[in-house]
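This briefing goes through one protein chain by topic. Have the sequence and the model open while reading.

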Amino acid sequence: MTSTELIAAPRSATGTGLTLLSPAGEASRVELLEAPAFQRPAGGLRSRELYAAAHVIPRTTADNVPGAPADIDWDATLDYRRQLWSWGLGVADAMDTAQRNMGLDAAATRELIARSSAAAKDAGGRIAVGVNTDSRTEEVLTLDEIERAYLEQLEFAEAQGALPVIMASRHLARAAQSPADYTRVYTRVLGAVTSKAVLHWLGTAFDPALRGYFGADAWQQASDLVIALIEEHADKVSGIKMSLLDADAERAVRARLPEGVTMFTGDDFNYVELIEDDAAGIHSDALLGAFSVLAPNASAAVQALDAGDAAEFRRILEPTQELSRQVFAAPTFYYKTGVAFLSWLNGHQDAFQMVGGLHAARSLPHLSRIVELANGSGALERPELAAERWNAMLRLNGVEA
């Protein structure tokens with residue numbers, strides 16, 4: 001039996017019931033389905049480059065409340081990354097999925113970058129890490145101070161052997177008075193890159209503080225500046241991650257990229273069509289928070305592409321997209337709660353907790369819909385454990401399961 005035939009095997013019910021909760025609070029029962037028989041790639045993934053933006057797992061007994069410093073369970077957090085590498089995915093760390101600007105403080109960020117980079121070396125895995133200006137606690141910085149903050153983090157990231165991802169800066173969004181200010185800062189930062197870096201264009205759905213980033217509210221105008229920066233520094237920019245949740249915008253920018261610069265889709269709503277070849281044979285690679293909880297599915301789908309089976313790619317990955325849209329539903333910046341929730345359901349962490357108390361950011365009906373879609377799309381890696389944990393959570397909240 002080939003790996004593709006194994007992946008395509010139909011799933012059956014486990015014999016266990018799964019309780020769901022409607023927005024009105026009405027409980028119902030559905031069949032719990034078996035996990036798909038996905039297999040890890042023997043020689044890595046070939047036809048697409050995938051990165052999963054990984055979250056952090058706090059110590060269960062830590063003071064995981066708003067405003068408290070991040071207290072990380074390093075064993076669980078690093079083991080989660082080893083799981084991602086085992087499926088052939090790279091890890092994009094210390095980015096917004098890891099709660100940058102939403103609970104992950106500067107000290108924890110620095111330690112996360114160092115620890116994950118060391119773990120990547122041991123595992124032979126690919127590692128990219130976020131570079132930002134959030135080591136400075138002041139609300140307002142000058143352009144000189146913003147440049148220095150970026151450069152300090154860039155130097156540290158490169159010293160760990162990680163691929164730097166130049167993240168969008170809230171400080172720069174506040175300070176910039178014109179597109180020329182963005183050009184000035186990014187020119188200084190990219191000029192200091194010693195090898196290669198990835199640019200990250202994060203939209204306002206993920207962070208409303210970034211409105212007008214790259215000098216314009218409309219992506220059409222902002223993309224002119226982005227393309228000019230990439231063309232000017234093509235020797236330093238290996239790719240760009242676009243997280244605008246707009247497939248047309250991504251395709252338009254993708255078509256303008258210089259040769260050798262990769263488009264990493266950050267579109268958690270439309271990744272299936274963007275990763276698949278279009279009519280001209282053009283595609284995006286991926287750097288997605290969604291793939292943190294869909295690593296087996298994403299890996300199996302690209303394994304199918306590696307075997308030349310685009311139909312199997314769609315069959316595996318298309319059902320996960322509705323799940324991702326639920327996880328990333330408005331307000332989108334709370335998607336991290338769904339990521340941690342699925343991590344807990346799948347047994348990657350002992351408790352459904354997050355730094356900064358963010359595990360309270362989604363409602364029971366919202367989480368119930370995640371459970372329903374994860375069950376239907378093959379995203380529950382250990383279905384019986386997931387059902388046990390979810391039903392216990394419902395009972396804890398007064399819902400008979």
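Is W344 buried or exposed? W344 has a relative accessibility of 10%, which is under the 20% cut-off, so W344 counts as buried. The model is a predicted one.

**Aromatic pairs**

- The structure contains 17 aromatic pairs.
- One of the 17 aromatic pairs is formed by F328 and Y335, whose ring centres are 4.2 Å apart and whose planes meet at 15°, so this pair is stacked.
- Both F328 and Y335 are buried.
- W344 and F352 also form a stacked pair, with 5.9 Å from centre to centre and 20° between the planes.
- The two angles, 15° for F328 and Y335 and 20° for W344 and F352, fall under the 30 degrees that count as stacked.
- Like W344, which is buried at 10% relative accessibility, F352 is buried, because its relative accessibility is 12% and the limit is 20%.
- Y150, Y182, Y186, W201, Y213 and F214 belong to one aromatic cluster.

**Charges over rings**

- R110 places its charged end over the ring of F156, at 3.8 Å from the ring centre.
- R126 lies over the face of Y51, and here the distance to the ring centre is 4.8 Å.

**Nonpolar cores**

- The largest nonpolar core is made up of 125 residues.
- Y186, Y213, F214, F291, F341 and W390 are the residues with the most contacts inside this core.
- Among them, Y186, Y213 and F214 are also members of the aromatic cluster that includes Y150, Y182 and W201.
- Beyond its neighbours within four places in sequence, F341 is in contact with F352, L367, I370, V371, W390 and M393.
- F352, one of these contacts of F341, is the stacking partner of W344.
- A separate second core has 11 residues, including Y51, V198, F264 and L287.
- Y51 of this second core is the residue whose ring face lies under R126.

- Strand β3 (residues 50–53) runs parallel to β4, and 3 bridges join the two.
- A53 has A92 of β4 as its bridge partner.
- Between β3 and β4 the chain passes through helix α2 (residues 74–86), and this β-α-β crossover is right-handed.
- β4 is also parallel to strand β5 (residues 127–131), again with 3 bridges.
- On this side, A92 has A128 of β5 as its bridge partner.
- β4, helix α3 (residues 106–123) and β5 form a β-α-β unit that is right-handed.
- Strand β4 (residues 90–93) is covered on both faces: G90 and A92 are buried on one side, V91 and D93 on the other.

**Backbone exceptions**

- Most residues other than glycine have a negative phi, and most peptide bonds are trans.
- Q99 is not a glycine, yet its phi is positive, near 70°.
- Q99 lies in the loop between β4 and α3, and it counts as buried because its relative accessibility is 2%.
- L245 is not a glycine either, and its phi is positive at about 55°.
- The loop that holds L245 runs between β8 (237–243) and α8 (247–254).
- L245 is buried, because its relative accessible area of 16% is under 20%.
- The peptide bond between A330 and P331 is cis, with an omega of about -5°.
- P331 is in the loop between α12 and α13 (335–345).

- T320 is part of helix α12 (residues 310–327).
- The relative accessible area of T320 is 0%, so T320 is buried.
- Apart from neighbours within four places in sequence, T320 is in contact with Y271, L294, N297 and S377.
- Q160 is located in the loop between α4 (143–159) and β6 (163–166).
- Q160 has a relative accessibility of 17%, under the 20% limit, and therefore counts as buried.
- With neighbours within four places in sequence left aside, Q160 is in contact with I113, A114, S117 and K121.

Notes. Residues are numbered from 1 along each chain as its sequence is written. This is a predicted model: local features need pLDDT of at least 70, side-chain atom pairs count only at pLDDT 80 or more; totals for chains, interfaces and linings use all residues. Side-chain values use heavy atoms; hydrogens and water are left out. Rings of Phe, Tyr and Trp (its six-membered ring) pair if their centres lie within 6.5 Å; planes under 30 degrees apart count as stacked, over 60 as edge-to-face and the rest as tilted. Buried means under 20% relative accessible area, exposed over 50%, partly exposed in between (1.4 Å probe, protein chains only). A charge sits over a ring if NZ of Lys or CZ of Arg is within 6 Å of the ring centre and within 35 degrees of the ring normal. Helices (H or I, at least four residues) and strands (E, at least two) are DSSP runs, numbered from the N terminus. Two strands pair if DSSP finds at least two bridges between them. A crossover is right-handed if, with the strands pointing away from the viewer, the path from the first strand over the helix to the second runs clockwise. Contact means heavy atoms within 4.5 Å. A nonpolar core is a set of buried Ala, Val, Leu, Ile, Met, Phe, Trp, Tyr and Cys residues joined through side-chain atoms within 4.5 Å.
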